[in-house]
Amino acid sequence: MKITVLYFAQLKEAFGSDRDLLDVPAGATVDDVVASLRDRTEWSAVSSLPLRYAVNERIVDAGTKLGDGDRLALLTPISGG
Amino acid sequence: MISEQPIDMSELLAAAANNQSGAVVVFAGVVRADENDGRRVVLIHYDCYHLMASREMDNLVDEIQTASGVHSIRAVHRVGDVAAGEISLGVVVTAGHREAAYEASRKVVDEIKHRVPIWKKEVYDDGSFKWL
């Protein structure tokens, strides 16, 4: 199945893009996808940042199963205002 | 509301005008030209997850308006590059009395900082930057 991973702020700069379209196995969880991203060399620049996750704009935990077409956003600590 | 345009507080205030509210509280969050380690902030770049940020802004405004009983709440967060001295966040609350208006205004700002997916990067006068 295909999902879109969305990056913001430091992650966007580290990956040089605001999104990736990934093909992942059916039943994949948020954690599975994040684990695969950790293998990338660019990850080292952001590995110390705490992350939260949102699927289709709703906060979820790392064990959440993904569905075809989902948008998975990786959220570093927010700092608006 | 999320906007890439400069925030016009007089426009926000005019939109809230009515003859039933005895209190109108106006809050403007402004980018400070702080100095950090000998570098001065010239602008803040705000990155944003637009879809989620718009939804969260609407939700928190609805929640606070319902819970507080104020007459109206208008909140706009600017994203993109905001220069020192410019407004990054505008909030206007109308209510029957000032206590409720002050409290709701403070809560809106607090909740935006905690819930809305917006990130800021300070850009300094020597060209360097730092995500906060």
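So, which side chain does Arg19(A) meet in a salt bridge? The partner is Asp18(A), at 3.3 Å, N to O. By salt bridge I mean a side-chain nitrogen of Lys or Arg within 4 Å of a carboxyl oxygen of Asp or Glu. Both ends of this one are partly exposed: Arg19(A) has a relative accessible area of 46%, and Asp18(A) comes in at 34%. My cut-offs there are buried for under 20% relative accessible area, exposed for over 50%, and partly exposed in between, with a 1.4 Å probe and protein chains only.

Before I go on, a word on what we're looking at. This is a predicted model, so local features need pLDDT of at least 70 and side-chain atom pairs count only at pLDDT 80 or more, while totals for chains, interfaces and linings use all residues. Residues are numbered from 1 along each chain as its sequence is written, chains are lettered from A and ligands numbered from 1 in the order in which they are written, and side-chain values use heavy atoms, with hydrogens and water left out.

Okay, salt bridges overall. The count over all chains is 13, and two of those run between chain A and chain B. One that crosses over joins Lys121(B) to Glu13(A), at 2.7 Å from N to O.

Staying with the interface, then. Chain A puts 20 residues into the contact and chain B puts in 22, where contact means heavy atoms within 4.5 Å. About 1,800 Å² is buried between the two chains, with carbon and sulfur atoms giving 55% of that. Buried area here is the accessible area, again with a 1.4 Å probe, that two parts lose on being put together, summed over both. On the chain A side, the residues that lose the most area to chain B are Glu57(A), Ile78(A) and Gly81(A), which together make up 36% of what that side buries.

There are also 13 residue pairs in polar contact between chain A and chain B, both residues at pLDDT 80 or more. A polar contact is a pair of N or O atoms within 3.5 Å; within protein, one has to be able to donate a hydrogen and the other to accept it, and residues adjacent in sequence count only if both atoms are side-chain atoms. Which elements of chain A give two or more residues to the side that touches chain B? Those are α1 (9–15), β4 (58–60) and β5 (71–75). The largest share, four residues, comes from α1(A). Helices (H or I, at least four residues) and strands (E, at least two) are DSSP runs, numbered from the N terminus.

Now a look inside chain B. Glu56(B) and Arg115(B) form a salt bridge, with the closest N and O atoms 3.0 Å apart. That pair links distant parts of the chain, 59 residues apart, with Glu56(B) in helix α2 (residues 50–68) and Arg115(B) in helix α3 (residues 98–115). Glu56(B) is buried at 17% relative accessible area, whereas Arg115(B) is partly exposed at 22%. Arg115(B) has another salt bridge, to Glu111(B), at 3.1 Å between the closest N and O atoms. Those two both sit in helix α3 of chain B, four residues apart, so about one turn of the helix.

Asp70(A), in the loop between β4 and β5, is buried yet has no salt bridge. The nearest side chain of opposite charge is Arg71(A), 7.3 Å away, counting Lys and Arg as positive and Asp and Glu as negative, with His and the chain ends not counted. A polar atom of the Asp70(A) side chain does lie 2.6 Å from the backbone nitrogen of Gly67(A). Leaving out residues up to four places away in sequence, Asp70(A) touches Lys2(A), Ile3(A), Thr4(A), Val55(A) and Asn56(A).

And Asn56(A) takes me to the backbone. Most residues other than glycine have a negative phi. Asn56(A) has a positive phi of about 50°, in the loop between β3 (52–55) and β4 of chain A. Ala9(A) also has a positive phi of about 50°, and that residue is in helix α1 of chain A.
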